[in-house]
Amino acid sequence: MTLSATQPKSMALYHFDGCPYCAMTRKAIGQLGLEIEQRNIQQQAQHKNDLVQGGGKKQVPCLRIEHASGETQWLYESGDIINFLSN
Ligand SMILES: N[C@@H](CCC(=O)N[C@@H](CS)C(=O)NCC(=O)O)C(=O)O
């Protein structure tokens, strides 16, 4: 993935294996050919803590977006994540 000034500085997907919404989001990421770091909240407690502290709730999938401006956004809802990544 090529980054430009208008694109996010970095992104990470908070997820876990048995979650169907996560599977759908991971599949879309693969189909879009994007390389996004995946943070499994069941495998690493730190990821779960970061998600709850940063995003405000323990719901997955959630895409953590670090914008070029420095602002951090926590995007919940598989549909919204896929829409965001598709644009
Ligand atoms: N509408 C949401 C549903 C996401 C959802 O229900 N995720 C479940 C896991 S499959 C979850 O995080 N539940 C809260 C919890 O496990 O504490 C979406 O499409 O992303």
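Biologist: Into how many nonpolar, polar and charged residues does the shell around the ligand divide?

Modeller: This is a predicted model, in which local features need pLDDT of at least 70 and side-chain atom pairs count only at pLDDT 80 or more, while totals for chains, interfaces and linings use all residues. Residues are numbered from 1 along each chain as its sequence is written, and side-chain values use heavy atoms, without hydrogens and water. The residues around the ligand (a heavy atom within 4 Å) are F16, C19, P20, Y21, K58, Q59, V60, P61, E77 and S78. With Ala, Val, Leu, Ile, Met, Phe, Trp, Tyr, Cys and Pro counted as nonpolar, Asp, Glu, Lys and Arg as charged, and the others, Gly among them, as polar, the shell holds 6 nonpolar, 2 polar and 2 charged.

Biologist: What share of the ligand's exposed area does the protein bury?

Modeller: A side-chain N or O atom of E77 is 2.6 Å from a ligand nitrogen, and a polar side-chain atom of S78 lies 2.7 Å from a ligand oxygen. Taken alone, the ligand exposes 510 Å² (Shrake-Rupley method, 1.4 Å probe), and the protein buries 66%.

Biologist: Which residue of strand 4 stands opposite I65?

Modeller: Strand 3 (residues 62–66) and strand 4 (residues 72–76) pair (at least two DSSP bridges) in the antiparallel sense over 5 bridges. Opposite I65 stands Q73.

Conventions:
A polar contact is a pair of N or O atoms within 3.5 Å; within protein, one must be able to donate a hydrogen and the other to accept it, and residues adjacent in sequence count only if both atoms are side-chain atoms. Helices (H or I, at least four residues) and strands (E, at least two) are DSSP runs, numbered from the N terminus.
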